[in-house]
Amino acid sequence: MSETTTPPPADVMIRLDTVHKRYSGQSGDAVAPLSMDIRAGEFVVFVGPSGCGKTTTLRMINRMVEPSGGRIWIDGKDVTKVDVDDLRRHIGYVIQQVGLIPHMTVAANIGLVPRLLGWDKARTESRVDELLDLVGLEPAQFRTRYPKQLSGGQQQRIGVARALAADPPVMLMDEPFGAIDPITRGRLQEEFLDLQRRIRKTIVFVTHDIDEALKLGDRVAVFSEGSRLAQFASPLEILTNPADDYVRSFVGSGAAIRRLALLRVGDLDSADAEPAAGNGLRVSADETLYSVLERMLQDGVDSAVVSGESTADDRTFTLRDLLSAGSAGKVRP
């Protein structure tokens, strides 16, 4: 796509238009020319090996790194032509090290951007309490604490709350869960997905972990060495139809198992099912194929009944149906 002066359509929150970066003294691009549209409310994950340009691309969106060329549009505005400080105050930013100011309380950390934007004290305090509730921390217990009094997971929640403080349309997240132990990390991922279902921000998230990318992203941008965008697609599309050998290798083995954890029973084509008969294992349409298969094996049954809007709409899927759908990534057209 050639560089254009035409703003993107209203449903596109972020447009990268032939954006690239080359540092002085280097013979190659740190980020090769990249064009990409990210829709409003979409959760997009950049994933790839170290040095592939994913973090540099993220940082060009809020101009913490200035692009060498190309244009960046956010909410219909060409951000390469606006005041950089004003731009950053309207974009949430979360990093791995959290970056909380150690001598400031939790409330002061969260309220930092609202104060810079001129919010009055009552409005700022109300927003702090609202956000602490939103990220699952009791305001009365946490607002007066200092960062050193928080666990790693709690600090990360405060970092997310601070990024949301001024209700920005866009959030940028640079490996925010990378320094947290695996158990806490998994819990934070689930909590953040639940949070995103409620707030529907436009999120760009960087990780080197393909499993994290496939779990979190509505779409995943797989970067390769040499800062090339190898594939930009839904997690299911990447698992089912990798664009090339690099993507296939990066995803690694176990693609079929990963598909089972992505697909939900409600996504399956009901034409492959039979009308429900009897009172077998009943499952919800929101459950993943992986969880349903696990329950079937635990109960020693070879079929499950998916509840519909009425009893007449109930459908039975066999073990073979579920395995076949997971293997092919088959969903309703």
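Helices (H or I, at least four residues) and strands (E, at least two) are DSSP runs, numbered from the N terminus. I am working with a predicted model, where local features need pLDDT of at least 70, side-chain atom pairs count only at pLDDT 80 or more, and totals for chains, interfaces and linings use all residues. Residues are numbered from 1 along each chain as its sequence is written, and side-chain values use heavy atoms, with hydrogens and water left out.

**Entry: lysine 54**

I looked up lysine 54 and found it in helix α1 (residues 54-61). Lysine 54 is buried (under 20% relative accessible area with a 1.4 Å probe, protein chains only). Which side chain of opposite charge is nearest to lysine 54? I found glutamate 175, 5.0 Å away, and no salt bridge (a side-chain nitrogen of Lys or Arg within 4 Å of a carboxyl oxygen of Asp or Glu). The backbone oxygen of proline 49 is 3.2 Å from a polar atom of the lysine 54 side chain. Beyond four places in sequence, I listed the contacts of lysine 54 (heavy atoms within 4.5 Å), among them Val206 and Thr207.

**Entry: strand β8**

Next I looked at β8 (residues 202-207): six of its six residues are buried, so the strand is largely enclosed by the rest of the structure. Thr202, Val204 and Val206 point one way, and Ile203, Phe205 and Thr207 the other.

I then checked its pairing (at least two DSSP bridges between two strands). Strand β3 (residues 43-47) runs parallel to β8 with five bridges, and valine 45 has phenylalanine 205 as its bridge partner. Five bridges also join β7 (residues 170-174) to β8, again in parallel; here methionine 171 partners isoleucine 203.

Methods:
Buried means under 20% relative accessible area, exposed over 50%, partly exposed in between (1.4 Å probe, protein chains only). Lys and Arg count as positive and Asp and Glu as negative; His and the chain ends are not counted. A polar contact is a pair of N or O atoms within 3.5 Å; within protein, one must be able to donate a hydrogen and the other to accept it, and residues adjacent in sequence count only if both atoms are side-chain atoms.
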